Amino acid sequence: MGEPSTDDRVPVPVWIIAAAFVALELAFSTAYGFQQDELYFIAAGRHLALGYVDQPPLAVLLDRLAVLLGGVHPAAVRVLPALEGGAIVVLAARQAAILGAGRAGRILAALCLATAPVLLGAVHIANTTPPALLAWTVVVLCASTAVARDRPRQWLGAGVAAGLGLQTNNLMALLLLALTAGLLATRRLDVLRSPWPWLAAAIAAVIWLPNVLWQATHGWPQFAMAAALHRQNTSAAAYLGGLPAQLIYGGLLTFPILIAGVVRLWRTPSVRYLAVAVSLVAVYVLAWVPGKPYYTSGLLPVVLAAGSVATERWFARGRHPRLRPPLVVGPILLATLVTLPSVLPVWPVRDLHAHPTGNDVADTVGWPQLAASVEAAVSAGPRPTSIFTGNYAEASTLDVLGRADLPPVLSGHNAYSMWGPGSASDTTVLAVDAADRLRQYFADCHPVGTFTAPHGVDNDFSPLDLSLCTGPSAGWPELWPHLTHYD
């Protein structure tokens, strides 16, 4: 397999793997339709701000630019996430080089990332996850390069990536705290005495500042969101399934490399600070939000890179070293074929109901049909003066895919709660998945229909009740504080 190289170049096969990854994502980008977060971000792009209740502004801005360039179409907003995924694959190989991998180890790291279910599924959807994963990957790579190669200016790249990551997802703060704790715990005072990490922190803070000011002037809604996520993701099942899910997300048959990576990081003194950081992030997620195991995925590139170093050395120790790589790569590729339909829209939509799949895939079916069902209910009369939905998914569907002549669309969910009711009338309200919320404030709420996803698809938004509510006990401004909710 050859000895580890002294340079950090990325082998040509890595670029081929990354290109194949991007091509696969783009090939499926037009299948099915939008996922609810994509519709939400497009709607949020019509309310551009320095922050939102549930996220910083960067991902919304990126989707807004994609729509301006390519129109309101899933393929338009999914180009950048696919490219971000390809970049993560390449950077994983570069991370493996920094950790001591040779050519085979770098290729293996790229292959492991390209076949990881969590990455395949995450970059299919244009939400905060793809740019956040890329930002985490760049921060760790730049920081570890600065330390391992004595290139202190790499900290500047880490600072820029951290700032952009903070403008994408506040979870970046957890990574920065974990890295700092790792350096302190392993007594890497030589690193912390240098001005470069602190200059990087200052750069990140300056980039993040506009969103911090927005949060401060809007009552720090992100803290309410964090508390809501904790409440909703700490069931007994979430705690029991948190750790196994993290291993599965990395790949059904890739988990030995994942475990080998954690062990190698702990056993290698020069990179033990990364082991501490990885462990702290994992413990936080498993203890605070075990129902969101993918929150650790930003560290998957460095762990798989370390595991690839260990695996490459295992290759070389064999009596017949050429026979060992197929024993590792073959099962990984086979497992990918098995898991692919659960993370990408592989099946014809008419057959999806007969096959198990992930929520994100199933949730890309039915939004145009929901808009059509609501339009039919509006036309059936009496004509509502406003539409109120229980979730941002339904509200953004009507805003993005619904007819322009629909009544004002309102919701108390997340960012819609801050956009408020405006001048909308509450005389006659069509409640979409919201009758239970409105019933106590209206004299009458009676069903007028039910929406069911097409093709028998079972997802989180089917069936939905459509009800007509009349006789409000107060106006929207008085009712609004009772109707807002975060999750």
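The model is predicted, and local features need pLDDT of at least 70, side-chain atom pairs count only at pLDDT 80 or more, and totals for chains, interfaces and linings use all residues. Residues are numbered from 1 along each chain as its sequence is written, and side-chain values use heavy atoms, with hydrogens and water left out.

**Cores**

A nonpolar core is a set of buried Ala, Val, Leu, Ile, Met, Phe, Trp, Tyr and Cys residues joined through side-chain atoms within 4.5 Å. Buried means under 20% relative accessible area (1.4 Å probe, protein chains only). The largest nonpolar core has 83 residues, and Val-89, Leu-119, Trp-155 and Leu-274 touch the most other members. Helix α7 (residues 129-148) gives the most to this core, nine residues. Helices (H or I, at least four residues) and strands (E, at least two) are DSSP runs, numbered from the N terminus. A second, separate core has 37 residues, including Ile-42 and Leu-398.

**Helix α2**

Nine of the nine residues of α2 are buried, so this helix is largely enclosed by the rest of the structure. Its buried residues are in contact (heavy atoms within 4.5 Å) with α3, α4 (74-98), α19 (367-380), α20 and α21 (415-419). The axes of α2 (residues 36-44) and α3 (residues 58-70) come within 8 Å and cross at roughly 85 degrees. Axes are lines fitted to C-alpha atoms, for helices over the stretch in contact, and angles run from 0 to 180 degrees between N-to-C directions. The two helices are therefore roughly perpendicular (65 to 115 degrees) to each other. Glu-38, Phe-41, Ile-42 and Ala-44 in α2 meet Ala-59, Val-60, Asp-63 and Val-67 in α3.

**The sheet**

Five strands form an open sheet in the order β2-β1-β3-β5-β4, with mixed pairing. Two strands pair if DSSP finds at least two bridges between them. The edge strands, β2 (409-411) and β4 (442-451), each pair on one side only. Neighbouring strands are turned by 25 degrees against each other on average, direction ignored. Strands β3 (residues 428-432) and β5 (residues 464-472) run antiparallel and are joined by five bridges. Thr-428 stands opposite Thr-470 in β5.

| Helix | Lies across | Angle |
|---|---|---|
| α20 (residues 392-401) | β1 (386-389), β2, β3 and β5 | about 165 degrees to β2 |
| α23 (residues 476-483) | β1, β2, β3 and β4 | about 15 degrees to β1 |

How values were computed: Buried means under 20% relative accessible area, exposed over 50%, partly exposed in between (1.4 Å probe, protein chains only). Angles under 35 degrees count as roughly parallel, over 145 as roughly antiparallel, 65 to 115 as roughly perpendicular and the rest as oblique.
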